[in-house]
Amino acid sequence: MNEKVDFRNTEVAFASKTNAELLKARFLFELLRNKPLVAFGNSFVQWALHIGLPIEWLIKSTVFKHFCGGVTLDSCKPLVARLEESGVSAILDYSVEGQDSESQFDQNVQLIQEEINNASKSKNIAFAVFKPTSIGRIEVFEAASTDPTFASLEFEAIKGRYKAIGQTAAALSQPIMIDAEESWMQTSADALALDLMREYNINNVLIYNTFQMYLSDRLQKLKDCARSAEEEGFKLGAKLVRGAYMEKERERARKLGYTSPVCPTKEATDTLFDQAVAFVFENPESIAVFVGTHNEQSTLKAANLAIEKYTTLDHANVWFGQLQGMSDQITYNMASAGARVAKLIPYGPVKEVLPYLIRRAEENTSIAGQTGRELSLLRKEMSRRKHQTTAQSK
Ligand SMILES: Cc1cc2nc3c(=O)[nH]c(=O)nc-3n(C[C@H](O)[C@H](O)[C@H](O)COP(=O)(O)OP(=O)(O)OC[C@H]3O[C@@H](n4cnc5c(N)ncnc54)[C@H](O)[C@@H]3O)c2cc1C
């Protein structure tokens with residue numbers, strides 16, 4: 001496998017990008033490297049939007065354009081078509097966050113059902129996806145996570161929304177993924193996801209839940225879910241990620257005086273991630289996996305295990321994925337090596353997608369190496385194209 005896939009191949013990685021797009025991406029990652037600027041930019045943007053300053057165009061033409069597909073489902077079509085040309089699938093994610101009204105949650109269910117319907121009609125959209133807090137208040141998930149006997153009308157409504165989404169996915173045979181969010185609301189969200197798997201993951205895997213491997217207890221959780229699946233006769237769909245809320249988790253733990261559930265070091269997170277990947281491939285009959293990472297080593301390890309277990313990278317039980325705007329060298333080179341790989345493309349009104357964009361900006365600033373890697377690959381490709389043009393004009 002290592003001989004087949006070359007993450008340094010920038011020609012494949014950026015084949016679908018014009019020179020102007022490369023230049024814009026380089027400019028953006030150069031800005032993101034500046035931590036104080038990102039911190040100031042995040043606060044300024046939130047304040048400016050709050051008081052109604054007309055800065056949406058600025059966000060739309062910069063970070064939004066780089067990390068998102070558009071404002072509506074339809075506006076993502078050109079990007080989905082471009083990905084298809086390179087053998088890369090799409091996952092369209094209506095990425096609104098921070099809503100808190102029951103009517104908005106009901107409306108979001110309809111949008112998610114539309115997404116599922118849309119995905120089922122397009123052979124290049126691999127999954128539909130939703131966030132638990134897009135269909136219910138985080139406080140309700142939290143209360144149900146703290147007390148397993150918790151009951152309320154709002155929680156009943158959340159259960160009904162999970163059911164409606166599951167029914168639509170099953171009726172259209174369309175796989176869906178459920179995102180993971182803050183640890184303090186996950187216990188109830190995980191239980192609801194597992195209930196959907198019990199019902200719909202009997203022959204195929206339609207429902208995938210997310211396991212954030214930066215949480216110290218997640219390997220055990222993954223094993224517990226796999227045991228339930230085996231004992232009760234359903235299949236487990238596991239999206240493995242490291243996790244996007246590290247700073248928030250640590251901050252809350254510090255404020256409230258408990259030990260953070262996040263692994264104490266990056267190395268510990270990496271070890272858990274590797275162990276989780278190894279575990280799912282030890283159980284190829286009963287677990288389908290989506291490896292969601294920008295880490296080249298993790299991707300290679302999973303790819304090697306996939307070939308070992310299935311003799312091919314192109315198997316329905318094994319997906320790889322990266323976020324739109326990040327790690328094209330993995331996405332496109334894995335697709336070129338024959339893997340099933342997808343870009344997760346958030347969309348939605350600029351204001352509503354803002355929390356997602358802020359997480360991406362912070363992630364690309366705080367992860368040592370990530371921005372540097374994006375920049376060096378972009379520079380390498382720009383220089384390769386320049387030399388090619390010079391050579392051709394001689
Ligand atoms: C398709 C896809 C879907 C995703 N869905 C979700 C989701 O539903 N929920 C979610 O939370 N995340 C999700 N993520 C993951 C998340 O958004 C980040 O992209 C991811 O955690 C970055 O890590 P990495 O695996 O790409 O690799 P790396 O760059 O190797 O790792 C960075 C990650 O390591 C962890 N880390 C960094 N420093 C430390 C430290 N000091 N101690 C402990 N851990 C540390 C953090 O999780 C950090 O994000 C998704 C990612 C993808 C690609």
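Trainee: How many residues surround the ligand, and which are the closest?

Mentor: In this predicted model, the ligand is surrounded by 27 residues, and the closest are D179, R242, A244, G292 and H294. Elements that give two or more residues to this shell are β4 (207-212), α13 (266-282) and β7 (318-323).

Trainee: Which element gives the most to the shell around the ligand?

Mentor: That element is β7, with 3 residues.

Trainee: How many residues of the shell are nonpolar, polar and charged?

Mentor: Sorted by class, the shell around the ligand holds 11 nonpolar, 12 polar and 4 charged residues.

Trainee: Let us turn to the strands. With which strand does β7 pair, and in which sense, parallel or antiparallel?

Mentor: Strand β7 pairs with β8 over 4 bridges, in the parallel sense. Within this pairing, G321 has A342 of β8 as its bridge partner. Between the two strands the chain passes through helix α15 (residues 328-336), and this β-α-β crossover from β7 to β8 is right-handed.

Trainee: Which strand is joined to β8 by 6 bridges?

Mentor: Strand β1 (residues 89-94) is, and β1 and β8 run parallel. Here S89 has A342 as its bridge partner in β8.

Trainee: How many residues of β8 are buried, and which lie on each side?

Mentor: In a regular strand, side chains alternate between the two faces of the sheet. For β8 (residues 341-347), 7 of its 7 residues are buried. One side carries V341, K343, I345 and Y347, while the other carries A342, L344 and P346. Both faces of β8 are therefore described as covered.

Note on methods
Residues are numbered from 1 along each chain as its sequence is written. This is a predicted model: local features need pLDDT of at least 70, side-chain atom pairs count only at pLDDT 80 or more; totals for chains, interfaces and linings use all residues. A residue is near a molecule or strand if its C-beta atom, placed from the backbone, lies within 6 Å of it. Ala, Val, Leu, Ile, Met, Phe, Trp, Tyr, Cys and Pro count as nonpolar, Asp, Glu, Lys and Arg as charged, and the others, Gly among them, as polar. A residue is buried if 20 or more other C-beta atoms lie within 10 Å of its own, exposed if 12 or fewer, and partly exposed in between; C-beta atoms are placed from the backbone. Two strands pair if DSSP finds at least two bridges between them. A crossover is right-handed if, with the strands pointing away from the viewer, the path from the first strand over the helix to the second runs clockwise.
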